[in-house]
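Please show the sequence and the structure first.

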Amino acid sequence: MVAGKWKDGLWYIAKINSCTGSGCTTEFHDGTAVELKFDEIKAIPQKIELKNGDKVWAVWPTTNAFHDGTVSELTDKGGTVSWDQGGTPSFVEFGMMMKK
C-alpha cells in the first residue's frame with residue numbers, strides 16, 4: 001500500500017497497478033484509478049519504531065485520508081492516534097501510519 005495524493009490535496013490509501021517513466025497508475029480505496037507522478041506517491045512502511053507521544057501521519061478510519069496526530073497506547077499491531085484536528089482517538093494499524 002502507498003499514500004497517493006488526490007485532486008482535493010489530501011493523501012489517501014492506494015495501491016500501485018503499474019508504473020512508467022513518469023509515474024504510476026494508482027488505484028484508490030473506492031476503485032478509482034489515476035496516473036500519479038512519483039512525487040504524488042509515498043511508500044507506507046509496514047512497521048515503524050514509535051514511542052508514546054510521537055507525531056504521526058495516519059489514516060483517519062472513516063475517510064481513508066491521512067491526517068496528523070499523536071500516537072499512544074502502542075501494541076505490536078499499531079497504536080491509538082489522537083487527531084490534531086480533534087475527534088475521537090482511533091486505533092490505527094502499522095502500515096496505515098508514518099512517523100513525522
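Predicted model: local features only at pLDDT ≥ 70, side-chain atom pairs only at ≥ 80, totals over all residues.

Residues are numbered from 1 along each chain as its sequence is written, and side-chain values use heavy atoms, with hydrogens and water left out.

Me: How many helices and how many strands does the secondary structure of the protein come to?
Reply: Helices (H or I, at least four residues) and strands (E, at least two) are DSSP runs, numbered from the N terminus. Along the sequence the pattern reads β-β-β-β-β-β-β-β-β-β. The totals are zero helices and 10 strands.

Me: What is the radius of gyration of the protein?
Reply: This radius is taken over C-alpha atoms, and the globule rule is 2.2 Å times the number of residues to the power 0.38. For 100 residues the rule gives 13 Å, and the protein's value is close to this, so the protein is as compact as a globular protein of that length. The radius of gyration is 14 Å.

Me: Which residue in β10 stands opposite valine 56?
Reply: Strand β6 covers residues 55–59 and pairs with β10 in the antiparallel sense over three bridges. Opposite valine 56 stands lysine 99.

Me: Is cysteine 24 buried or exposed?
Reply: Buried means under 20% relative accessible area, exposed over 50%, and partly exposed in between (1.4 Å probe, protein chains only). A disulfide, defined as a pair of cysteine sulfur atoms within 2.5 Å, joins cysteine 24 to cysteine 19, with the sulfur atoms 2.1 Å apart. Cysteine 19 is partly exposed at 47%. Cysteine 24 has a relative accessible area of 2%, so this residue is buried.

Me: How many residues does the largest nonpolar core have?
Reply: A nonpolar core is a set of buried Ala, Val, Leu, Ile, Met, Phe, Trp, Tyr and Cys residues joined through side-chain atoms within 4.5 Å. In soluble globular proteins, nonpolar side chains tend to be buried together. Among the members of the largest core here are Ile48, Val56, Trp60, Trp83 and Met97. The number of residues in this core is 11.

Me: Where is threonine 80 found, and is this residue buried or exposed?
Reply: Threonine 80 lies in strand β8. Leaving aside neighbours within four places in sequence, its contacts (heavy atoms within 4.5 Å) include Val71, Pro89 and Phe91. Its relative accessible area is 14%, so threonine 80 is buried.

Me: What distance separates the C-alpha atoms of glycine 9 and tryptophan 83?
Reply: Glycine 9 is found in the loop between β1 (2–5) and β2 (11–19). At 36% relative accessibility, glycine 9 is partly exposed. Glycine 9 and tryptophan 83 are 74 residues apart along the chain. Their C-alpha atoms are separated by 19 Å.

Definitions and conventions: Pairing = 2+ DSSP bridges.
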